[in-house]
Amino acid sequence: PIEDLELSPLGVFSRIPRDVKGLGYLASDGSFEARWSVLVWQPSEIITSDSPDFQKKLRAQLLQRRKEIKTELPFIGGAIASLDYEFGYELLGLSPIKKDRPLIIFSWYDHALIFDHHQHRWYEVGKSSIDWKNWMNHEPSLHTEQISLKAQWNKEQYEKAFRKVHENILRGEIYQACLSMPFHAPKVEKPRDLFYELMMRNPAPMGLYLEEPHRTILSLSPERFLLLDGTRLETRPIKGTRAKGYLPEEQLQQQLELLSDKKEAAELSMITDLLRNDMGKVCTTGSVKVLEHQGLQECPKVWHTYSHIVGEVRDRLDPWDIIEALFPGGSISGCPKRRAVEILQEVEGYKRGIYTGCLGLFSDHGRMDLSIAIRTLEMDEKGIRTGFGGGIVADSQVQKEYEECFLKAKSFSLS
């Protein structure tokens, strides 16, 4: 442990100088399932899906860096990775998109600062080439950044897309699809300051800030896609949303409404079945179990329901095998997955990018922890883009679904 560091992870993040590049910050809110925050900078290597023999290179790197170490720490060095949603087209055998940049980026780091929110302790792994302790003596100069996200569709466009998806459901082609619409905002000068503000106001269990060569990602994700720890694999799909009020009696009412809503329950059950089947592709027979169903998750602006599914991974499978079997996540695509993704590709007509892809850690000791990249912004030279959406089933109502997109967008309001 580092004895003389009294700052919070956000405090450390805000003091890292602007000229330090490739900053990555896995930001937890310290809740029960979100024990660790991790800070890294200046990657030693970056591997992207554009490089020749990408998968071969990636598997070799995962194997070569592998250390058989027993530790509680979530990260001992390794990669922070981003996988764009459209990578799923490849895995599902659908027609690929025209790419203007790689769909997968692995940034490798040999040093990290790690904070244990449950024990209030800092740890350092690896050696930094920079004396980072000097940074901690400076007061951060934070600049207040505002962001105003604008929907790129009007209500008629949303209704048209909804109708197409709904017709496919009523015809029996699919049972559910997660329809989203694009939102844009002008770029900000200081994305680190914006992320600081967002995490202060709307902390998330799976938050992540990541500077990549051509873009910066700011994620306030509430949803864990995959956690691989030893041979144990788990996933926590979220389905079902209610606005969250301020008063206790109001909040109780919203919780009861959400838990008794048959449509929301059906959505979650379908996705839970889909993910059980997906996990069955990589787990030993009989090991996949639903530990919780319709659990209640509290976020700053909304309530969600989720399931918690675990299994034991079969021998000789590496983290990449697991991703190939389960990506894209069921909760943000639909079921059956391949047909749902195909219909969404046709109906949405925009590139989701990192939104609804996945983000997270591949540690050198074999641990993998990935979020579903919802409530996630990506910023490049052109501006900020993201999407918001929700699951459509047979008895979905267009007005409610439309409003839910804007409710989720509230995670980014700083007023």
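In this predicted model, helix 8, which spans residues 319-326, has 6 of its 8 residues buried and is therefore largely enclosed by the rest of the structure. The buried residues of helix 8 are Pro319, Trp320, Ile322, Ile323, Ala325 and Leu326.

Across the whole structure, a search finds 22 aromatic pairs. In one of them, the ring centres of Trp153 and Tyr350 are 6.5 Å apart and the planes stand at 85°, so the pair is edge-to-face. Because Trp153 lies in the loop between strand 8 and helix 4, and Tyr350 in the loop between helix 9 and strand 18, this pair ties together parts that are 197 residues apart in sequence. Trp153 is buried, at 11% relative accessible area, and Tyr350 also counts as buried, at 17%.

Tyr402 and Phe406 form another edge-to-face pair, at 5.1 Å centre to centre and with 65° between the planes. Both residues lie in helix 10, where a spacing of 4 residues separates them by about one helical turn. Tyr402 is buried at 15%, whereas Phe406, at 34%, is partly exposed.

Rings also meet charges: Arg352 lies over the face of Tyr85, 4.3 Å from the ring centre, and the charged end of Lys244 sits over the ring of Trp303, 5.6 Å from its centre.

As for cysteines, the search of the whole structure finds 0 disulfides. The sulfur of Cys283 is too far away for a bond, because the closest cysteine sulfur, in Cys358, is 17 Å distant.

Notes:
Residues are numbered from 1 along each chain as its sequence is written. This is a predicted model: local features need pLDDT of at least 70, side-chain atom pairs count only at pLDDT 80 or more; totals for chains, interfaces and linings use all residues. Side-chain values use heavy atoms; hydrogens and water are left out. A disulfide is a pair of cysteine sulfur atoms within 2.5 Å. Buried means under 20% relative accessible area, exposed over 50%, partly exposed in between (1.4 Å probe, protein chains only). Helices (H or I, at least four residues) and strands (E, at least two) are DSSP runs, numbered from the N terminus. Rings of Phe, Tyr and Trp (its six-membered ring) pair if their centres lie within 6.5 Å; planes under 30 degrees apart count as stacked, over 60 as edge-to-face and the rest as tilted. A charge sits over a ring if NZ of Lys or CZ of Arg is within 6 Å of the ring centre and within 35 degrees of the ring normal.
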